[in-house]
Amino acid sequence: MSGVKRKRKRNILNVKQKLEILQKLYNGESASTDAEDVINEGNAISHSAALQCMEALLDYMGQRGFHYGDMTAVRKICVDIRQGMNKQQKQRSIKDFLSSKC
C-alpha cells in the first residue's frame with residue numbers, strides 16, 4: 001500500500017462564510033470556532049444521531065449480555081451527549097433571545 005497516494009479533501013470556505021467570519025473579526029469577536037465549525041461541518045454528526053447510535057448499541061449490548069461495566073461506560077457517553085445537546089440548546093435560546101431584542 002506504500003505506492004497508493006490518497007487525495008486529501010480540501011476544506012474551502014465560500015464567499016458568504018468568509019464575509020461572516022471577517023465581519024465577526026472586524027467587530028472584535030472570535031471567529032476561530034466558526035471557521036472550524038464550517039470546515040468540520042461535512043464531517044460532523046449531530047447529537048441526536050450520536051445518541052441514537054449509542055442507545056442502539058446499549059440495546060445490542062443488553063441483548064448479548066455484555067459486562068455491566070462496559071454498559072455503564074456507554075451510558076456515561078449517552079449522558080455526555082445529552083449534556084452537549086442541552087448546552088447547545090441553551091446557547092441557541094440565548095442567541096435567539098438576544099437577536100430578537102436588538
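In which helix does Leu-57 lie? I found Leu-57 in helix 3; helices are DSSP runs of H or I with at least four residues, numbered from the N terminus.

A note on my source: this is a predicted model, where local features need pLDDT of at least 70, side-chain atom pairs count only at pLDDT 80 or more, and totals for chains, interfaces and linings use all residues. Residues are numbered from 1 along each chain as its sequence is written, and side-chain values use heavy atoms, with hydrogens and water left out.

Next I looked up salt bridges (a side-chain nitrogen of Lys or Arg within 4 Å of a carboxyl oxygen of Asp or Glu). I counted two salt bridges.

I noted Glu-55 as partly exposed at 33% relative accessibility, and Arg-82 as partly exposed at 36%; the term covers what lies between buried (under 20% relative accessible area) and exposed (over 50%), with a 1.4 Å probe and protein chains only.

My other entry is the salt bridge between Asp-80 and Lys-76, at 2.7 Å from N to O. Both residues belong to helix 4, four residues apart, about one turn of the helix. Asp-80 is partly exposed at 36%, and Lys-76 is partly exposed at 47%.

Conventions
Helices (H or I, at least four residues) and strands (E, at least two) are DSSP runs, numbered from the N terminus.
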